[in-house]
Amino acid sequence: MESGRRKGLSGVLSSLSLLCVILDLQLDGVLGATHVEIEQHLEMGRKLLAAGQLAEALSHYHSAVEGDSKNYLTYYKRAAVFLAMGKSKSALPDLTRAIQLKPDFLAARLQRGNIFLNYYSTTTILLIIFLSSYTLSICQPKSHCFFFPPIPSSYTLSHIAIFYYPFVILSPWDPESRELRAECYIRLGDPRKAIQDLTPTTRLRNDNRGAFLKLSTLHYDLGEHQESLGHVRECLKLDQDDKECLSRYKQVKKLSKQLDSAEEHIQEERYQDAIDKYESVMRTEPNVLYYTNKAKERICFCLVKNKMPAMAIDICSEAHQRDPRNINILRDRAEAFILNQDYEKAVEDYQEAREFDMENNEIREGLERAQKLLKLSRKRDYYKILGVNRSANKQEIIKAYRKLAQQWHPDNFREESEKKEAEKRFIDIASAKEVLTDPEMRQKFDSGEDPLDPESQQGGGQGGQGWPFHFNPFESGGNYHFKFHH
């Protein structure tokens, strides 16, 4: 198969070389040396070469090279004579010098490729062509054009390899060329395309442990630990004692187990256990950013679920810096801001997440709820009235209510203006207690709806001031006697 590929490539290169020689002969009057003496040597060399007098032709080309050591054509012509004499190794330095003097000289490159074809492997030949980092084109006037597209000056050698690959790949069944291009993709930071090239090579070679190991590493670095584990297992099937594959297997297996266990804890709502597992993940693999970023994201989520807003905001903010376009992190930090009663920032995070994904219903609903809560907070926020967190339980709410009700009871004030202010505060305190100790009403309020707002007609509001009980004791103007049972 290698021999067939060589013959095919040799035929292509030879045909192109012939085309380029013909073009050189046509253009020589324009591109040749400027000195008359050198022109005479070149002319004699051409005539003698055409007559088959190779030794005499070579002598004239020697003189032309000596007369002008910076003329790429003289080196190329002398190399052509060496090739005609069957002295390809002697022609190689002249072709290389011609390319150095004129890097876009396609004919010299193709001739040199022919020589390499006889002495080097397919991979080496591909590399030689890949590293041609210049515009490679030559055309016959008003005729067809053999063209290698120009390469941007900013391209690295790996860019060049990828750029020229479609022009020189020999066969889709050639693992060597696929592995070569995969390596270039890896150097360019494009692991997905490297995986596409490497995957077929595992079937094109009987024992391609190297490809399985590299695929495992690529998937691992992308955060695809299950795929990574699958490839390294295939490697061990070929040789269970392979040290590199065994070492990779242990690492991937350990990390996979931790990740799977952490997600199981989240499904079971064991959020602290999940946090512990994700912290273990970061210790197990501190060098691959994906896993640290993923751990930070999920710890952020778990802290919100555990109603620990201050810690959640810190972790979520760090995770957001690592992955600014991650809408899950923005969603979770928004929820942490809501728990912290910072509704404006919650709205900002949901709006930012919405910019990244306009079709996400969860983000849209979260934004609407945050906006409602912000609007409510500018009117009457029952949590703020009682001075409790949104995560406060019923006992904490009742305790806060009793303390404030005793403080703001109207009987504690003598001045009429102070008494009226106390009445208003006392009503708000009682309203907050009723809403936040009733699960259904509290859920409505947490969703952005005030169940005691007469304008919303949701029920529960009594009288113009929203007194939550069946009567307003302040309307009678009598004494206010309340007992608080501790």
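This report covers the annotated repeats and the cysteines of a predicted model.

## Ground rules

The model is predicted: local features need pLDDT of at least 70, side-chain atom pairs count only at pLDDT 80 or more, and totals for chains, interfaces and linings use all residues. Residues are numbered from 1 along each chain as its sequence is written, and side-chain values use heavy atoms, with hydrogens and water left out.

## Annotated repeats

An unreviewed UniProt entry carries the annotation "repeat: TPR" for residues 72–105 and 327–360. UniProt positions follow the numbering used here, feature names are shortened, and annotations may be inferred rather than shown by experiment.

Take residues 72–105 to begin with. This span is 79% helix and 0% strand. Its end C-alpha atoms lie 9 Å apart. Residues 327–360 are 79% helix and 0% strand. The end C-alpha atoms of residues 327–360 lie 10 Å apart. Helices (H or I, at least four residues) and strands (E, at least two) are DSSP runs, numbered from the N terminus.

A disulfide is a covalent bond between the sulfur atoms of two cysteines. Here the term is applied to a pair of cysteine sulfur atoms within 2.5 Å. By this rule the count comes to two disulfides.

One of them joins cysteine 235 to cysteine 245, with an S to S distance of 1.7 Å. Cysteine 235 sits in helix α12 (residues 225–238) and cysteine 245 in helix α13 (residues 243–267), so the bond ties together parts that are 10 residues apart in sequence. The torsion about the S-S bond of cysteine 235 and cysteine 245 is about 70°, so this disulfide is right-handed.

Buried means under 20% relative accessible area, exposed over 50%, and partly exposed in between (1.4 Å probe, protein chains only). Cysteine 235 counts as buried at 0% relative accessibility. Cysteine 245 counts as buried at 1%.

## Cysteine 300 and cysteine 316

Cysteine 300 and cysteine 316 also form a disulfide, and their sulfur atoms are 1.9 Å apart. The pair links distant parts of the chain, 16 residues apart. Cysteine 300 is in helix α15 (residues 289–305), and cysteine 316 is in helix α16 (residues 309–322). The torsion about the S-S bond of cysteine 300 and cysteine 316 is about 90°, so the disulfide is right-handed.

Cysteine 300 is buried, at 0% relative accessibility. Cysteine 316 is buried, with a relative accessible area of 0%.

Cysteine 302 is in no disulfide. The nearest cysteine sulfur belongs to cysteine 300, 9.1 Å away. Cysteine 302 counts as buried, at 0% relative accessibility.
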